[in-house]
Amino acid sequence: DNAPQFAEASYNVYMMENNAPGAFIFTVTATDPDLDQNSYVSYSVLDNHIQNLPVSTYLTINPMNGTICALRSFDHEELKNFQIRIQARDAGVPPLSSSATVNVIILDQNDNAPVIVSPSVESGSATAEIVPQSARQGYLVTKIMATDADSGQNSRLFYQITKSIDTTLFNVGQNSGEIRTARNILQSDNPLQTLVILVKDNGQPCLSSTVTMN
């Protein structure tokens, strides 16, 4: 006359993306105070859909011990979280059951490098920028704009010049991506300057992209 009972009505589970199929997610446990066969508990996932696909294509549960395992690799950029309902059912006649909710939160891994969107990049080199010879210190040459598909700190971007013909002529804002003249342009300066700009994220390990500017 007692239905199985979970310790909690809802569980929050955190899982890193890019897991291997078959990876352990969580174990649920329900107890039944009845005796003998009436206390035997089995587990199942109640029918549901995740992104229009049956939940059975995402994970499986061991009916004997409540261990939940992934059937696929999860991608935080495509699926940040999902919810499933687990049923615990005893072996009595008639059988009694209860259910609990498991909220699975997919954690972001730094698996996307920054993408430089402006200036437009072709074959690793950006469109040439024209700087007037009268440009003085602080003149805005251009602004590098980049995006990162990751989340949080993994998407935070930093900019730096890694190569230049004249290291005294230009600088880049570490956070803004703005390239400015570090001093006045002189007539004696080489009329063709080349800069290599590195854009890196704040993940561990960090990922980066570069653009060459003329």
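Strands here are DSSP runs of E with at least two residues, and helices are runs of H or I with at least four, both numbered from the N terminus. The model is predicted, so local features are reported only at pLDDT of at least 70 and side-chain atom pairs only at pLDDT 80 or more, while totals for chains, interfaces and linings use all residues. Residues are numbered from 1 along each chain as its sequence is written, and side-chain values use heavy atoms, with hydrogens and water left out.

With that numbering, Asn52 sits in the loop between β6 (49-50) and β7 (53-54). Its phi is near 70 degrees, a positive value in a residue other than glycine. Asn52 is exposed because its relative accessible area is 74%; the classes are buried under 20%, exposed over 50% and partly exposed in between, with a 1.4 Å probe and protein chains only. Asp36, in the loop between β4 (30-31) and β5 (41-45), also has a positive phi, near 55 degrees, and is not glycine. At 69% relative accessibility, Asp36 is classed as exposed.

The backbone also contains cis peptide bonds. One runs from Val93 to Pro94, with omega near -5 degrees, and Pro94 belongs to the loop between β10 (81-90) and β11 (97-107). Another runs from Gln204 to Pro205, again with omega near -5 degrees. Pro205 lies in the loop between β20 and β21 (208-213).

Next comes a sheet. Strands of a sheet pair through backbone hydrogen bonds, either parallel or antiparallel. In this structure three strands form an open sheet in the order β15-β19-β18, with antiparallel pairing; two strands count as paired if DSSP finds at least two bridges between them. β15 (140-143) and β18 are the edge strands, each with a single partner, so one side of each has no neighbour in the sheet. On average, neighbouring strands of the sheet are turned by 20 degrees against each other, direction ignored. For such angles, axes are lines fitted to C-alpha atoms (for helices, over the stretch in contact), and values run from 0 to 180 degrees between N-to-C directions. The antiparallel pairing of β18 with β19 extends over three bridges. Within it, Asn171 has Arg180 of β19 as its bridge partner.

Where do its charged atoms go? Arg180 forms a salt bridge with Glu178, the closest N and O atoms being 3.1 Å apart; the term requires a side-chain nitrogen of Lys or Arg within 4 Å of a carboxyl oxygen of Asp or Glu. Arg180 is partly exposed because its relative accessibility is 29%, and Glu178 is likewise partly exposed, at 23%.

The structure holds three salt bridges, and Arg183 takes part in a pair with Asp166, where the closest N and O atoms are 2.9 Å apart. This pair links distant parts of the chain, 17 residues apart: Asp166 is in the loop between β17 (157-164) and β18 (170-172), and Arg183 is in the loop between β19 (178-181) and β20 (195-201). Both Asp166 and Arg183 are buried. The side chain of Arg183 also meets that of Asp189 in a salt bridge, at 2.9 Å from N to O. Asp189 is buried, as is Arg183. Through shared partners, the salt bridges join Asp166, Arg183 and Asp189 into one network.
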